[in-house]
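Student: I have a structure to go through with you. Can we start with how its helices pack and then look at the charged residues?

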Amino acid sequence: MSWISKQLELTPTHFVYLILSAFLLLYALFSAFIRNRLHLSEPPLATLVGIAFGPQGANLISSVRWFSDDITQEAARVVVGLQCFTVGVELPKAYFSRHWKSVGMMLGPVMTFSWLITAGFVYAVLQTNLTTALIISACLAPTDPVLAASVLAESTFSKRVPRRLRHMLSAESGCNDGVSFPFLYIGILFLVEQTPGAAIKEWVLGTVLWQCTLGLLIGLVIGHSFNRSLRFAERWAYISPAPFLVFYFLLAIFSVGIGSTLGVDDFLVAFGAGYGFAWDGWFAKKTRETNLPEILDLLLNSSMFVYFGAIIPWRSFTPTEFTPSITPGRLVGLLVLILLFRRIPIVLAMKRFVPDIRTYREALFCGYFGPMGVGALFLVIEARAMLENGTSIPDAHPPAENENKQAIETVWPVVCFIVLGSTMVHGLSVAAISVGSHYARKEGERAPLIGGESDGLYGMVHEGGGGESEPSVSGDEDPDPPDHY
C-alpha cells in the first residue's frame with residue numbers, strides 16, 4: 001500500500017480535473033432527460049457539486065491558488081462576456097429596431113427600481129450605511145445572462161413561453177450587466193473620491209461616456225467588421241469549416257480582451273460585438289444546426305457554477321467585527337424580500353408601457369424571472385477592488401487597515417448568499433412551475449407529471465395558437481416570420 005501511495009498524486013488541481021469532467025460527462029449522458037423531463041438546469045446542480053466537493057464538503061478541490069479574487073474576476077469576466085456575446089448573436093435579425101421600447105423599459109425604469117428597492121432592503125435589514133447598500137444593490141440589479149440562458153435555452157419548458165418574452169428577457173440579460181456599471185460606480189465613487197464634484201465628474205466621464213457608451217460603440221464596430229470579414233472569407237473559400245465554427249468563440253474572447261484592455265465595459269463590448277456580428281441573420285442561419293452555444297454553456301457555465309459552489313464563504317454568513325449585522329436569519333429574510341419585491345411590483349406596474357408584455361401573467365413571469373448569478377460575482381469583485389485600491393484590479397492580499405474596511409467585508413458575503421439563493425430558487429423554479437401546472441388541471445386532463453406538460457403557460461398570449469393561452473390581439477403580431485425567432 002505504501003508503494004501505491006507514492007504513485008498517487010492526490011492534489012487539489014488533479015481533483016478539479018477529475019470531478020469537473022466527471023460531472024460534465026454524467027450531465028451530458030442524461031442532459032435531455034434532466035432538462036426536458038425533470039426540468040432542471042445546470043447551474044443549481046453544478047453549484048451543489050461545488051459545495052459537495054469544496055472546503056465545506058469533501059474538501060477535495062480546496063486550494064488557495066484557485067480561490068482568489070483575481071481568478072474569480074477573470075473567470076466571471078470570460079463566462080459572462082461570452083454569454084453576452086451569445087445573446088447578441090442569437091437575437092432575431094434587426095431585433096432592436098422593433099423591440100427597443102420593451103428592452104429600454106426593462107433596462108431603465110425596471111432596473112432603476114430594482115437597484116433602489118434592493119438598496120433599501122440591504123440598508124434596513126443589514127443596517128449598513130447607504131453607500132454600501134447602493135453598491136450591493138448595483139451588483140444584484142442586473143438579470144444574469146448565464147442563469148437566464150439555462151432556462152431560456154431550447155427545451156420543453158422554454159417552448160411554453162412566448163418567443164417575444166424569451167427574446168426580451170434574453171436581450172435584457174445581455175445588456176444589463178453592462179448597464180449596471182453606472183449604478184455600481186455611483187456608490188463606489190462617493191466613497192473613494194475626495195469631493196462630490198470629483199465623484200460626479202468621474203462618473204459621467206469615466207463610467208457613462210468611456211466605459212458604457214464607448215464600450216457599446218466599439219463592440220458594434222468589432223461585430224460588424226468581423227461579420228464582413230467572415231462573409232468575404234467564406235465567399236472566396238479562404239476559411240475551412242472547423243475555423244468557421246470556432247470563429248464565434250474566438251470573436252467573443254477577442255471582444256472581452258478589447259474591453260478589458262481599454263478599460264471600457266467588457267460586457268457591453270461583448271454584447272455589441274455579438275449583435276453587430278449577427279445583425280443581418282447570416283451567421284445564425286449558417287450555424288443553426290451546430291448547437292454551438294449549448295456546447296459552450298455546458299463547458300464554461302457549468303464549470304463556473306462548480307467553482308462558485310466551492311468558494312461560497314460560509315463562515316462570513318455569521319457576525320464578525322466588521323459585519324455585526326450579518327446573520328443567517330437576516331440574510332434569508334433579505335433574500336426573500338429581494339425575490340418578492342426586486343422586480344415583480346415594478347414589472348406589473350409598467351406592463352402597459354412594455355409592448356412585448358401583453359397580460360398580467362406575462363408581467364408576473366417577467367418580474368419573477370430576474371436571476372442573479374455570475375454577473376453579480378464579477379461586479380462585487382470589481383467593487384471590492386475599487387474600495388481596496390481605487391482600481392478594478394483586486395489586491396492579492398487586501399490591507400488590514402482600510403477606511404472602507406467595513407464595506408469591503410460586507411459586500412462579498414451578502415452578494416454570494418443572494419446569488420446562491422437565486423441560483424437555487426430560479427434554477428429549480430422551472431420544475432416547480434411544471435408540477436404546479438400539472439396539478440392545476442382537472443385529473444382527467446393532466447399530462448404525465450414528468451415532462452408531460454407541453455402546452456403554452458396559461459395566461460400568456462401564444463402567437464402560434466394552441467394550448468391554454470389567451471387569443472392573440474389583432475395587430476400585435478411581430479412582423480418577423482417564425483424563422484427569425
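Tutor: Start with helix α7 (residues 130-140) and helix α18 (residues 374-389), whose axes come within 8 Å and cross at roughly 150 degrees. Helices here are DSSP runs of H or I with at least four residues, strands are E runs of at least two, and both are numbered from the N terminus. Axes are lines fitted to C-alpha atoms, for helices over the stretch in contact, with angles from 0 to 180 degrees between N-to-C directions. This is a predicted model, so local features need pLDDT of at least 70 and side-chain atom pairs count only at pLDDT 80 or more, while totals for chains, interfaces and linings use all residues. Residues are numbered from 1 along each chain as its sequence is written, and side-chain values use heavy atoms, with hydrogens and water left out.

Student: Now charges. How many salt bridges are in the whole structure?

Tutor: A search finds eight. A salt bridge is a side-chain nitrogen of Lys or Arg within 4 Å of a carboxyl oxygen of Asp or Glu.

Student: Which residue forms one with R384?

Tutor: D69, with the closest N and O atoms 2.6 Å apart. R384 lies in helix α18 and D69 in helix α5 (residues 69-90), so the pair ties together parts that are 315 residues apart in sequence. Both R384 and D69 are buried, that is, under 20% relative accessible area, where exposed is over 50% and partly exposed is in between (1.4 Å probe, protein chains only).

Student: And what does R164 pair with?

Tutor: R164 forms a salt bridge with E362, the closest N and O atoms being 2.8 Å apart. R164 is in helix α9 (residues 163-192) and E362 in helix α17, 198 residues apart. R164 is buried at 4% relative accessible area, and E362 counts as buried at 0%. Elsewhere, salt bridges that share partners join E74, R77 and D266 into one network.

Student: Where is K351, and how far away is its nearest side chain of opposite charge?

Tutor: K351 is in the loop between α16 (344-349) and α17 (360-368). Leaving out residues up to four places away in sequence, K351 touches I357, R358, T359, Y360 and A363.

Student: Switching topic: is F249 buried or partly exposed?

Tutor: F249, in helix α11 (residues 241-262), counts as partly exposed at 26% relative accessibility. Not counting residues up to four places away in sequence, F249 touches L82, L296 and L300.

Student: And how many helices and strands does the chain have?

Tutor: The protein chain has 19 helices and zero strands. Of its 485 residues, 52% count as buried.

Notes: Contact = heavy atoms within 4.5 Å.
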